[in-house]
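Here is a friendly walk through the model shown below. Keep the structure open as you read, and follow each part as it comes up.

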Amino acid sequence: MQKSDPTEIPIRNDGKEKQLVKITNHLARQNVSLCWQCLTCSGGCPFADHMDLLPNQVIRLVQLGQVKEAIKCKTIWICVGCHTCSTNCPNSIDIGAIMDALRQLAIRYGVAIPEKDIFRFHKYIFGSIQRSGRLNKLEAMIQFKLGTGRVFSDIKSGIKMLNRGKLELIPQKIKDTGELDRILTHYDKRRRSFKAHE
Amino acid sequence: MSEINLAYYPGCTLSSTAKEIDIALHQVCNTLDIRLTELPDWNCCGSSSIHAIRPQLAVSLAARNLFQAQSLGQDLLVMCAGCSNRLRVASNRLSNDSTTRRVNQEILNNQLDKDLKVHHLLDLLPKRLNQKPWADALEKKLNGLSYVPYYGCLLASPPELNNYPKLYGSMESVMNRLGAEQRAWGYHAKCCGSFLSIARPDIVEPMVADIMNNAFMAGAECIVTACAMCQLNLELRSKANKQVPIFSIVELLAYGMGSSDWQNWFSKHLIDPLPLFENKRLN
């Protein structure tokens, strides 16, 4: 896959760069300036082929204060947090945690999410947990399939799993939903542009 | 040696897609005198998705479970690799980060006792199996079965969990006791593709093919894992002409301890392991 060249991303300065780097570092509990761009993270990433920016390039953008550019990329959504990069980093930077932070910022700033299906998947899982406190895979999968229009993919293995009793038809529900509601409302009050994506 | 009492968190996967692992785990713990009390009203740990989009919320979801274990007055046992990661991260943050502690105190009216431990079964197994009387608990062997151990990325754990013991070697030590033959390979901690298996199967299929291929090249007849998600991804996304059966370590251990249910569990697998067992004259 053709990688976009981060040197072609124009450096934009609007005076908020330092602040954004600080926020990213704070959310990730990391210090991006420790990165010396050795590319170990990108070399070992099992998903690198499918990313538009390599992990080290994402870190570089953050180092340069270009957080607003970094949060537009596919990479932060493709990253599943396997932490192969974080385990290999010679400077012990938890790159996976930086991806987590950038994903949060992407949602907060309401930028267009380039990996629609992945975001939809997360949303349906969230919906299922929101409703019953536990994840019902069948429910989330059906919603995902309908939402993406890929109704017939995986239908064979879906039936196989149903036959083997691996998918539950009746969702389990927790008893104390009041406590769950308290958790959900607390974070709902704090979120701003998450709704923009729904 | 005395028995151990632990609170038990099954999680959504072990209570649905991987029910057989839950049953096998109970049998193994019973034999090893580990008494499990299921959390009275556990909720989802947040899984990778909530962590991906709402990380602070994920910590609170996990915290609710930790507080339940705390009120039972017992340490917590988790078998699912994903859940154990999320619960451990939450426990670390609740102990070390004052903001997280304050926020969760506000929402759930509770504070975490620093002594609460979150165990994965693999932390306990090798030691327990080396002690009497449990060392003699293995009735049946897996002689002649060659395997590769597959921990996956979640059990390799993120740097944030460096305060927990690494699990490498624990599955090998159990399998060694069962008489199986380990094959060398370099894919112990390779990521199986995680949730992208559903959202972007085009990415995951080649990754799984690569793992399967290497199991073949290593000369293994099966892959042994401790992660239910790895097991499902490997079974679901591998091509029918090149795949080996995937076992959960607890299923095999329960088999070794003489459980009679193993055929029921194996028939739930998407890649049928029964022909391999027949071939090896294991019954």
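## A question to begin with

In which sense do β5(B) and β7(B) pair, and over how many bridges? They pair in the parallel sense, over four bridges. Within this pairing, Y147(B) stands opposite C222(B) in β7(B). Please bear in mind that this is a predicted model.

## The sheet around β5 and β7 of chain B

The two strands belong to an open sheet of four strands in chain B, ordered β6-β5-β7-β8, with parallel pairing. The edges are taken by β6 (181-182) and β8 (246-248) of chain B; each has a single partner strand, so one side of each is left without a neighbour in the sheet. Between β7 (residues 222-225) of chain B and β8(B) there are three bridges, again in the parallel sense.

Strand β7(B) is covered on both faces. C222(B) and V224(B) are buried on one side, while I223(B) and T225(B) are buried on the other. Helix α12 (residues 228-237) of chain B lies across β5 (146-150), β7 and β8 of chain B. The helix runs at about 165° to β8(B).

## The other sheet of chain B

Chain B also holds an open sheet of four strands in the order β2-β1-β3-β4, and the pairing here is parallel. At its edges stand β2 (34-38) and β4 (118-120) of chain B, each with a single partner strand, so one side of each is left without a neighbour in the sheet. From one strand to the next, the twist averages 40°. Strands β1(B) and β2(B) run parallel and are joined by five bridges, with R35(B) in β2(B) as the bridge partner of N5(B). Three bridges join β1(B) to β3(B), also running parallel; here Y8(B) has its bridge partner L77(B) in β3(B).

The pairing of β3 (residues 76-78) of chain B with β4(B) is parallel too, over three bridges. One residue pair to find in it is L76(B) with its bridge partner V118(B) in β4(B). Helix α5 (residues 81-96) of chain B packs on this sheet and touches β1 (4-9), β3 and β4 of chain B. The direction of α5(B) makes about 155° with that of β4(B). Helix α7 (residues 121-130) of chain B lies across β3 and β4 of chain B, and runs at about 65° to β4(B).

## The nonpolar core

How many residues make up the largest nonpolar core? There are 145, and the ones with the most contacts inside it are I98(A), L76(B), L87(B), I223(B) and V224(B). Helix α4 (residues 55-72) of chain B gives the most to this core, with nine residues.

Leaving aside neighbours within four places in sequence, I223(B) is in contact with Y147(B), V148(B), Y150(B), A215(B), L234(B), V244(B) and I246(B).

## Chain B as a whole

In secondary structure, chain B comes to 15 helices and eight strands. Its C-alpha atoms fill a box of roughly 60 × 50 × 30 Å along the principal axes. A compact globule of 283 residues would have a radius of gyration near 19 Å, and chain B agrees with this, having 19 Å.

Of the 283 residues of chain B, 53% count as buried. Among its contacts between residues at least 6 apart in sequence, 78% join residues at least 24 apart.

## Chain A

Chain A has eleven helices and zero strands. The C-alpha atoms of chain A fill a box of roughly 50 × 40 × 30 Å along the principal axes. Of its 198 residues, 37% count as buried. For contacts in chain A between residues at least 6 apart in sequence, 69% join residues at least 24 apart.

Where is chain A divided? Domain 1 covers 6-108 and domain 2 covers 116-197. The centres of these two domains of chain A, taken over C-alpha atoms, are separated by 28 Å.

Note on methods
Residues numbered from 1 in each chain as written. Chains lettered and ligands numbered in written order. Predicted model: local features only at pLDDT ≥ 70, side-chain atom pairs only at ≥ 80, totals over all residues. Core = buried A, V, L, I, M, F, W, Y, C linked by C-beta atoms within 7 Å. Buried ≥ 20, exposed ≤ 12 C-beta atoms within 10 Å, placed from the backbone. Contact = placed C-beta atoms within 7 Å. Pairing = 2+ DSSP bridges. Axes fitted to C-alpha atoms, helices over the stretch in contact; angles between N-to-C directions. Rg over C-alpha atoms; globule rule 2.2 N^0.38 Å. Domains from an automatic or database assignment.
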